[in-house]
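Keep the structure open beside you as you read.

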Amino acid sequence: MTNVRSSSSEGTATMTDRVDIPAADVDASGTAAHTGPDNRIVVEDLNIYYSSFLAVKDVNMVIEPRSVTALIGPSGCGKSTFIRSLNRMHEVITGAHVEGAVYVDGENLYGPGVDPVAVRRKVGMVFQRPNPFPTMSIADNVLAGKRLNSKRINKSDAEDLVEKSLRGANLWEEVKDRLDKPGSGLSGGQQQRLCIARAIAVEPEILLMDEPCSALDPISTLAIEQLMNELKSTYTIVIVTHNMQQAARVSSRTAFFTIDGTGQPGYVVEMDDTDVMFSNPKQQSTIDYVTGRFG
Amino acid sequence: MTLTEQRPAPTEPSSSITANRMTRVQVGAVGLVAVAVGALSWLSSGSPNWARWIVVTLVTYCVGIYIVARIVEGRRQALDRLMLALVTSAFALVVMPLASVIWTVIERGTNRFDAEFFTETMRGVTGEGGGIYHAIVGTLIVTGLATLMSVPFGLFTAIYLAEYGHGTKLAKAIQAMVDVMTGIPSIVAGLFAYAMFELIFGPGTRSGIAGAVALTVLMTPVVVRSSEEMLRLVPNELREASYALGVPKWKTIVKVVLPTAIAGIITGVVLAIARVIGETAPLLVTAGLAQGVNWNPFDGRMTTLPVFTYYQYVQPGVPPSNGQDRAWAAALVLIIIVMVLFTLARILAHVLKPKGLR
């Protein structure tokens, strides 16, 4: 655990201008960067396709462990497509595939013999719209990951896990008296926190959030942002958001994606520390986007 | 006529959003006049004829409400009322034959709706008495076996089509075949099963299982289509949520997709049962007719309610009223069985329905 902290702090320094460095350089320093169980995500030359259509091109990125990384950019620029490629959810869609590599802990998620199911147990995901399982109670929703993975858990362990996960998602106090009631009876914000509890109950190392607050009111949004602040001490969090204030509030690093036109692939314009991105970005298009002047 | 009396025009002809509206009383009056016109046409025709009364009433109402509303309210509201009257009339016309059939079956079926009818068979019965015990047993066995065969086939095919083969050539071919199967005449299914069992067990073979196979051919495509539709209704987000938890695909289908869709699938299965339980022709050639109870679907002929009804009506014996009464009562029992099935399916679907969805 100690080397985790040290490597993550030195990582921030070395990774600042990673986006545009040549591939050979990425390989050399990348190998060094993804040693140790720190869950740093290193993306190398990632091209993401829907059948023959190239949706996102040439992504090179390092996502620091135990911090929040925000992905911003206009609609349709491939942020969601990219985040889904980080736990191999992208290929769920017929014809979708990727080229390139995503290293987590030095292991290529797209390497030969990698089981996407195992990847998803390690890299959890929260979706844009809250999607609790309608046939299950609140407690069963939280336990879904464990139960559906055919792990037998005894009753007291299950209760502990439900409480721990719901507390982790700041939902315990609100639902502790109705754990056996259906999850779809909760409000939208509560449902989203239930989905977060469900995601962290399987104890992933990385948590991907695809616009987790876009369907929620400001109060629920605040609750989830606070939650992210707590969770980042344990998990590596990647969040897609359209809300630039949210990106500024919750993230330590921000990547800006854009697209040159319909039918063109999306790409990363730049990635930097969040305060740099919002105060003094290098690229003109980033300035335009974060200041609201984007076309 | 009160109909054309308009409400007092607004004192100020002013606002662009106020207009004359017909009152409920006025609409009701148009309806009453229509009913009266229908009754007149009934009386004037001499012979009592409910159908004529209802049809004339509906036509008069449609015409009348349009004219009156046109005068009172204007063109748009008149068209609105005409359309409402037309769709309601269409519904009434569709329900009429159904109500008539049910009424006739109840009226004539109750002649022989006694205890003996449910406990006796037709063994040794030529005139009075006799019962349908053997036919009820036969119907339940044949339909039950058909359900046992077609639900796994149908459901698995639907799962393949909705979850695995989506968009592939094989899936499209299967879908086309299923559509063709939905349309095959039931007698063809019967002849297929008859020919198949004749090839295996020799000429003239008749058995309950042959009937069940014929019904399976008819039932499977219905189960496939309805189950596939229900599986497609399950939001993709639930599948993705499950995948994102690291749940394998087959387990996602078994534990997330199927429980979410199960209420609709059950309804579809019961609709399919209702579709085949009244089949006569295929069972006539495959299961045949027996006078007594046959519990063994693999050996010997087996009577079902539709076949029983058919034979009691075409060979009623002397005097014919005995057989005809038995035929009507058997038809009534068949309707009741289907209604009980529907009720059970509704209850089951309600119990299994995903909770909290309103």
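A word on terms before we start: a residue counts as buried if 20 or more other C-beta atoms lie within 10 Å of its own, and as exposed if 12 or fewer do. Please bear in mind that this is a predicted model.

Begin with helix α9 of chain A, residues 218–231.

Now look at how α9(A) sits in its surroundings. Its buried residues are Ser220(A), Ile224(A), Leu227(A), Met228(A) and Leu231(A). Viewed down the helix axis, these fall within an arc of 105 degrees, so they line one face of α9(A). The pattern makes sense because an α-helix has 3.6 residues a turn, so residues three or four places apart point the same way. On the face turned away from the buried side, you will find the exposed residues Pro218(A), Ile219(A), Gln226(A) and Glu230(A). What do the buried residues of α9(A) pack against? Their partners in chain A are the strands β3 (68–72), β7 (206–210) and β8 (236–240), together with the helices α8 (188–201) and α10 (244–250).

Next, turn to where the two chains meet. Chain A brings 25 residues to the contact and chain B brings 22. On the chain A side, α4 (116–122), β6 (123–126) and α5 (138–148) each give two or more residues, and α4(A) has the largest share, with 4 residues. By class, that side has 12 nonpolar, 9 polar and 4 charged residues.

Finally, chain B is assigned domain 1 (24–108) and domain 2 (118–352). The centres of these two domains of chain B, taken over C-alpha atoms, are 39 Å apart.

Key. Residues numbered from 1 in each chain as written. Chains lettered and ligands numbered in written order. Predicted model: local features only at pLDDT ≥ 70, side-chain atom pairs only at ≥ 80, totals over all residues. Domains from an automatic or database assignment. Contact = placed C-beta atoms within 7 Å. Nonpolar A, V, L, I, M, F, W, Y, C, P; charged D, E, K, R; others polar. Expected span 1.5 Å × (residues − 1). Arc of directions from axis to C-beta.
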